[in-house]
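Have a look at the fold below before reading on.

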Amino acid sequence: MTTATETPSPYLALIDRVKDGLPGAALSWVRALRTQGRERFAAAGLPTVKKEAWKYTNLRTLEKIAFDPAGDGAVTHFDVLPTIRVAGETGPRLVFVDGRLRADLSSLDGLPAGVTLTGLAAGLSADDDLLADHLGKLAPLDQAPLAALNTAFLADGAVLRVSRGVTVEPVIELVFVTLGDEARPTAFNPRTLIVVETNAKATVVEHHVGLGTGTTLANHVTEVFVGDGATLGHYKAQREATGAYHIATTAARVGRDASYINFILTTGAKLSRNEVWTELAGTGATCHVSGGYLVRGDQHCDTTTVIDHAAPHGTSREVYKGAIDGRARAVFQGKIIVRPGAQKTDGHQLNRALLLSDAAEIDAKPELEIYADDVKCSHGATAGELDDTALFYLRARGIDRDTARSLLTAAFVAEAIDEIPDEPVRAAFQTVVDGWLAGA
């Protein structure tokens with residue numbers, strides 16, 4: 001039955017138009033999951049600024065754009081695809097173009113026994129038990145309408161499984177290329193599932209890059225399961241084009257004595273929002289949820305995080321730092337929740353923003369929600385301009401103003417990049433920062 005909420009939504013009409021041709025459409029559990037996503041999105045619609053979680057980020061423009069599904073990603077050649085590897089070095093990677101896996105650009109080189117890295121579409125078509133057991137179990141559909149929309153469109157993406165006790169030495173890369181069609185706005189909804197089982201260890205780097213100047217909507221959802229005693233480093237660089245809307249929801253569950261490291265570097269897209277939901281579900285679980293954002297012009301960048309301490313002796317660290325220039329706007333909303341019984345929790349959160357112009361803006365809302373009494377938690381948020389004394393010191397030594405500003409900004413952002421413990425990843429992300437500072 002069509003409700004009043006559904007009638008004006010082009011997204012619902014698009015879902016109904018393509019659903020029968022999506023992978024796994026014949027499977028009852030896949031159909032049920034997509035239906036659940038559609039129903040949740042139909043009930044909520046695109047979030048508005050009247051919703052507390054979206055009060056600083058306005059998606060009204062998306063209501064007015066008639067997006068079509070992205071094409072088949074069949075561009076035959078790319079001069080350069082991003083990588084953290086040195087020239088000539090190979091390693092495991094999946095490449096997606098407009099949300100669809102390109103097997104010809106992908107590689108499974110270096111994966112040890114006990115690790116599977118595949119495309120979601122193939123898994124859905126094969127009725128993979130891993131997907132049936134994990135897909136849709138973490139994404140907060142009631143609280144994240146765009147995650148519900150992604151679920152309704154469930155089609156392709158990456159699936160990584162690291163079996164019990166396996167250590168993956170090479171970094172696993174996931175590359176998402178957005179082409180952009182100048183003749184029509186296009187949208188796609190990639191879904192990633194990462195399962196790192198008990199005492200396993202892996203590092204995953206996501207590259208999100210945009211080509212062309214067309215209007216695009218990339219609506220990503222990633223679900224992450226970190227088993228007891230396991231460790232996952234999960235790093236993301238988002239450098240989409242100036243006509244892009246990039247919305248991503250990551251939901252992670254961290255087991256007993258396990259560690260999850262999440263870092264997001266944002267320099268691209270017209271409007272971006274990264275939501276990171278992390279549940280420390282097991283005793284002694286640890287997470288480091290950090291990032292950096294560099295925006296200019298009319299860009300809008302939103303970082304929204306929830307760290308949920310659901311078990312005792314959990315530790316969380318959260319550090320976000322950003323530089324905002326021109327008329328750009330950044331948003332940071334960070335919440336730490338400590339559940340009843342989650343005693344001995346140790347949680348700390350910090351957001352620092354550097355305003356490089358008089359028109360730049362930062363909206364920050366740090367929160368603590370604590371229901372236990374034996375905890376150690378803190379949060380802080382600061383915003384300011386470049387230090388005039390440091391600027392004068394550099395200029396007095398013959399350094400021109402623009403170079404001096406760039407040096408001080410680089411030093412400020414470097415403190416965020418230093419949160420990345422993996423040296424090759426840190427070096428690659430620093431290169432992205434250097435490019436932004438150089439105006440690239």
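Strand β9 (residues 201-210) and strand β11 (residues 231-239) run parallel, joined by nine bridges. Within that pairing, Val-205 sits opposite Tyr-235 in β11. Strands count as paired if DSSP finds at least two bridges between them, and the elements themselves are DSSP runs numbered from the N terminus, with helices (H or I) of at least four residues and strands (E) of at least two.

A word on the ground rules: this is a predicted model, in which local features need pLDDT of at least 70 and side-chain atom pairs count only at pLDDT 80 or more, while totals for chains, interfaces and linings use all residues. Residues are numbered from 1 along each chain as its sequence is written, and side-chain values use heavy atoms, with hydrogens and water left out.

Back to the sheet. β9 and β11 belong to an open, mixed sheet of ten strands, ordered β3-β2-β6-β9-β11-β13-β15-β17-β19-β21. The edges are β3 (100-101) and β21 (375-384), each with a single partner strand, so one side of each has no neighbour in the sheet.

α8 covers β13 (259-266), β15 (286-295), β17 (315-324) and β19 (345-355), and runs at about 155° to β17. α9 lies across β9, β11, β13, β15 and β17, at about 15° to β11. Angles here run from 0 to 180 degrees between N-to-C directions, with axes fitted to C-alpha atoms, for helices over the stretch in contact.

How do α8 and α9 sit against each other, and at what angle? Helix α8 (residues 401-417) packs on helix α9 (residues 423-437) at about 150°, and their axes are 11 Å apart. That makes the two roughly antiparallel (the term for angles over 145 degrees). On the α8 side, the residues that meet α9 are Ser-406, Thr-409, Ala-410, Val-413, Ala-414 and Ile-417, and their counterparts in α9 are Arg-426, Phe-429, Gln-430, Val-433 and Leu-437 (contact means heavy atoms within 4.5 Å). Sorted by type, the residues of this contact are seven nonpolar, three polar and one charged.

Now for the buried part. Eight of the eight residues of helix α6 (residues 145-152) are buried, so α6 is largely enclosed by the rest of the structure. Buried means under 20% relative accessible area, with a 1.4 Å probe and protein chains only. The cover over α6 includes α1 (10-18), α2 (28-44), β8 (191-196), β10 (216-226) and β12 (244-254).

β10 is mostly covered too, with eleven of its eleven residues buried. Thr-216, Ala-218, His-220, Thr-222, Val-224 and Val-226 point one way from the strand, Leu-217, Asn-219, Val-221, Glu-223 and Phe-225 the other.

| Partner of β10 | Bridges | Facing residues |
|---|---|---|
| β7 (residues 186-188) | three bridges | Thr-186 and Thr-216 |
| β8 | six bridges | Leu-193 and Glu-223 |
| β12 | eleven bridges | Ala-218 and His-246 |

His-220 counts as buried, at 5% relative accessibility.

Note on methods:
Angles under 35 degrees count as roughly parallel, over 145 as roughly antiparallel, 65 to 115 as roughly perpendicular and the rest as oblique. Ala, Val, Leu, Ile, Met, Phe, Trp, Tyr, Cys and Pro count as nonpolar, Asp, Glu, Lys and Arg as charged, and the others, Gly among them, as polar. Buried means under 20% relative accessible area, exposed over 50%, partly exposed in between (1.4 Å probe, protein chains only).
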